[in-house]
Amino acid sequence: MKKTSTNRQSVIDWIYIVLGTFLTGFGISTFMNPARLAPGGVSGLGTILFHIIQDKTGRTMELGLIILFLSVPVYLLGVAVFGKEYGFRTLAGTLLLSLFTFLFDTLFPSGILDYSKESSLWLCTFFTGLTNGLGIGLVMRTGSNTGGTDILAQILSRFTPLGLGNALLLVDGTIILSSAFIFGIENALYSIIVSIMISFIIDKVIVPFGTNYAKTVFIISPEIKEIGDFILKDMNRSGTIISSKGLFSGEEKDMLMTVIPKKDLTRLSRCVKKVDPRAFLIIQDTYHVLGEGYQSIDLLAENKDVSQS
């Protein structure tokens, strides 16, 4: 029964990954790139490079290939730093996004709108945010991603005092700022709107439980050891075993507390469901995580503002 349920979930995950990358590739090819919008991410950087090559040489290089050439090295860097956390599904998401972008570039080489109209820029801004937010959100719902700048942000967060939110803001902000010099300030401002839309749709509509910086999860189950092993070995995270006592039953129980990034919540919840469907979970939003593997505790000790981390 468990195997059937696992196989069914795996099929659903792959449907989400394919549909998500399909939507994102469509939005990049038909709205974002023709309108010269670069709202961060590898696709934003790829859009900048696409138009630089076109404007300087008069030739075009397929945007899907540019995204692929940018994404694969970043993915390999993520594997080198974080190990198997960046597994096959992330690589598949990266490759599928490049494939669908290439496909829609081929089907609609001139796009689907009259991009000379001012109204088209607003339409592109709205539909880029909508398609990319829905698409990336569907992929993230599986516990995977499409690679790109979130990997760079996590690397920055690990090796610098920056929190994950600030690291991602720095990476994507640099891309948006760069686009201002290539496409103009007006297009950069539209790109900021797109970035806000994508974040809102992912956070509030697609990814379950909401998506703040991190999640604190309390787990009560007789199978704490197996769940703990999954957290240590498969998620490369840690936790704390807390002795507890049932108020009604008076039974002594172990409770596991762990703090994980928002993107890992789906993986953990599925592991718990597989190991012990009757486990008791408490999931809380966590806005500040200080200490090893996260933000430096010096920020708080030195009375620095961590409200945006």
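**Chat about a predicted model**

Me: Leaving aside neighbours within four places in sequence, what is Thr125 in contact with?
Reply: Thr125 is in contact with Leu37, Tyr190, Ile193, Val194 and Met197, leaving aside its neighbours within four places in sequence. Keep in mind that this is a predicted model.

Me: Which helix is Thr125 found in?
Reply: Thr125 sits in helix H5.

Me: Is Thr125 buried or exposed?
Reply: Thr125 is buried, because its relative accessible area is 1%. The cut-off for buried is under 20%.

Me: What lies 2.8 Å from a polar atom of the Thr125 side chain?
Reply: That is the backbone oxygen of Leu121.

Me: Back to Leu37. What does Leu37 contact, leaving aside neighbours within four places?
Reply: Leu37 is in contact with Met32, Thr47, Leu121, Cys124, Thr125, Thr128, Asn187, Tyr190, Ser191 and Val194.

Me: Which residues touch the most other members in the largest nonpolar core?
Reply: They are Ile28, Ala35, Leu37, Leu63, Ile67, Leu121 and Cys124. The core holds 18 residues.

Me: And which elements give two or more residues to this core?
Reply: Helix H1 (2–32), helix H2 (41–57), helix H3 (63–82), helix H5 (118–141) and helix H8 (185–206) do.

Me: Where does the largest share come from?
Reply: From H8, which gives four residues to this core.

Me: Let's look at H2. How many residues does H2 have, and how far does H2 reach?
Reply: H2 has 17 residues. From its first C-alpha to its last, H2 reaches 24 Å. That is close to the 24 Å expected at 1.5 Å a residue.

Me: Which residues in H2 are buried?
Reply: Gly41, Val42, Ser43, Gly44, Gly46, Thr47, Ile48, Phe50 and His51 are. Thr47 is also in contact with Leu37.

Me: What follows H2?
Reply: Gly58 does, and its phi is positive, near 75 degrees.

Me: Where does Arg59 lie?
Reply: Arg59 is in the loop between H2 and H3.

Me: Is Arg59 buried or exposed?
Reply: Arg59 is exposed, because its relative accessible area is 64%. Exposed needs over 50%.

Me: What does Arg59 touch, not counting residues up to four places away?
Reply: Arg59 touches Ile53 and Gln54.

Me: New topic, the sheet. In what order do the four strands come?
Reply: The order is S2-S3-S1-S4, in an open sheet with antiparallel pairing. Strand S2 (240–245) and strand S4 (280–286) are the edge strands, each pairing on one side only. From one strand to the next, the twist averages 25 degrees.

Me: How are strands of a sheet held as pairs, in general? What do they pair through?
Reply: Strands of a sheet pair through backbone hydrogen bonds, either parallel or antiparallel.

Me: How many bridges join S1 to S4?
Reply: Seven bridges join strand S1 (residues 214–220) to S4. In S4, Ile220 has Phe280 opposite, and Val217 has Ile283 as its bridge partner.

Me: How many bridges join S1 to S3?
Reply: Seven bridges join S1 to S3, and these strands run antiparallel. The bridge partner of Phe218 in S3 is Met257.

Me: Why is S1 largely enclosed?
Reply: Six of the seven residues of S1 are buried, so S1 is largely enclosed by the rest of the structure.

Me: How many bridges do S2 and S3 pair over?
Reply: S2 and S3 pair over six bridges, in the antiparallel sense. Ile241 has Leu256 as its bridge partner in S3. Their hairpin has six residues between the strands, and Gly250 there takes a positive phi near 75 degrees.

Me: Which strands does helix H9 lie across?
Reply: Helix H9 (residues 224–234) lies across S1, S2 and strand S3 (252–261). H9 runs at about 15 degrees to S3.

Me: And which strands does helix H10 touch?
Reply: Helix H10 (residues 265–275) packs on the sheet and touches S1, S3 and S4. The direction of H10 makes about 10 degrees with that of S1.

Me: Last one. How many helices and strands does the protein chain come to?
Reply: Eleven helices and four strands. Of the 309 residues in the protein chain, 44% are buried.

Conventions. Residues are numbered from 1 along each chain as its sequence is written. This is a predicted model: local features need pLDDT of at least 70, side-chain atom pairs count only at pLDDT 80 or more; totals for chains, interfaces and linings use all residues. Side-chain values use heavy atoms; hydrogens and water are left out. A nonpolar core is a set of buried Ala, Val, Leu, Ile, Met, Phe, Trp, Tyr and Cys residues joined through side-chain atoms within 4.5 Å. Buried means under 20% relative accessible area, exposed over 50%, partly exposed in between (1.4 Å probe, protein chains only). Contact means heavy atoms within 4.5 Å. A polar contact is a pair of N or O atoms within 3.5 Å; within protein, one must be able to donate a hydrogen and the other to accept it, and residues adjacent in sequence count only if both atoms are side-chain atoms. The expected span of a helix is 1.5 Å times one less than its number of residues. Two strands pair if DSSP finds at least two bridges between them. Axes are lines fitted to C-alpha atoms, for helices over the stretch in contact, and angles run from 0 to 180 degrees between N-to-C directions.
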